[in-house]
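Me: Please show me the structure, and then let us go through it in questions and answers.

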Amino acid sequence: MKKFKGIYTALVTPFDADGRIHAPALQKLVESNLQMGVNGFYVAGSTGESYLLSVEERKYLLEAVMEAVNGRADVIVNIGMFATEHSIALARHAKKQQVSAISSVPPFYFPFTMDEYIQYYTDLAEAAEIPVIIYNIPAMSSVTFTMEDITRLFSNDGIIGVKHTSYDLFQLQQVVKQYPEKSVFIGHDEIYLSALAAGAEAGIGSTYNIMADKFVKISRLFGEKHLEQALEVQNEVNEIVTALCNVGVFKGIKEILKMQGTDCGVCRKPFQPLKEEQIRYLRDVAQKNHIL
Ligand code: MN9
């Protein structure tokens, strides 16, 4: 079983002026992230506006990413849908694309029982025949996996890890400690260094799109035990994350990407474009923290 380590950018989905997926911008984004030293990409997650894309677009997006990456890094894709059979269809498409692993948000909207969620992941692992990573994101999915639930899920060898997008560092530490063979990704960029201290060895993040080099640096400094310097970089990151949270994370990331020269358009409606004063505020924070 492969253990994933390092920095995985949760790619934004670039749109052109007509709102269609823009492959040239995607190529540029992939190149800039590879140059910053990332180990892979996470496609069609929250950052990728997956739940604002059609199924056809989700397939096309993955194909465009595979082409842009061209074997130079790992690709993990969120294939989560609402019905198991629909997720399995996307998982099979992903397998054909030769992704490194698939990932899934638990089906949301309807409150299913924990048995149903666990069966969902079991069905996925069996049908897809490709490593599965749980996408644990209680704030968006409203599903909270306890340690006991994770134990049940991880008893399946096909389920190889978890993307932990939660501020619960205690649970993260427990998962890492009890399952050293599984891949644990921290999904909140603002606690990246804290997660390394808790034992995590991988991260998937939205803000990596605009500053993956800072996370690569934190990881290196942590490895060298230069903790004060690592915290300085994390503090810079967190000023930027704070500003992004104030204006809307994904909208803000796309705006900063534009400032950096990679125009990925704006987030799809019902998201609204940022106002001029929000853009000025973002530019100031980005300049102050050296990402422009
Ligand atoms: O991919 C992202 N998760 C979500 C991970 O957006 C839900 C994070 O990178 C956050 O955007 C970031 C800000 O909270 O940590």
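This is a predicted model: local features need pLDDT of at least 70, side-chain atom pairs count only at pLDDT 80 or more; totals for chains, interfaces and linings use all residues.

Reply: Residues are numbered from 1 along each chain as its sequence is written, and side-chain values use heavy atoms, without hydrogens and water.

Me: How many residues line the second largest pocket?
Reply: A pocket is an open set of points on a 1 Å grid over the protein atoms alone, where a 1.4 Å probe fits, with protein on both sides within 12 Å along at least five of seven lines; lining residues have an atom within 4 Å of a point. Nearest the centre of the second largest pocket lie S46, S50, Y51, M140 and F250. The lining residues number 13.

Me: What is the volume of the largest pocket?
Reply: A volume is the space filled by probe spheres set on the grid points, which are joined across faces, edges and corners. For the largest pocket this comes to about 430 Å³.

Me: Which residues lie closest to the centre of the largest pocket?
Reply: The lining of the largest pocket holds 27 residues. Closest to the centre are I137, M140, T165, G187 and H188.

Me: Which residue in β3 is the bridge partner of V43?
Reply: Strands are DSSP runs (E, at least two residues) numbered from the N terminus, and two of them pair if DSSP finds at least two bridges between them. Strands β2 (residues 40-43) and β3 (residues 74-78) run parallel, joined by 4 bridges. The partner of V43 is V77.
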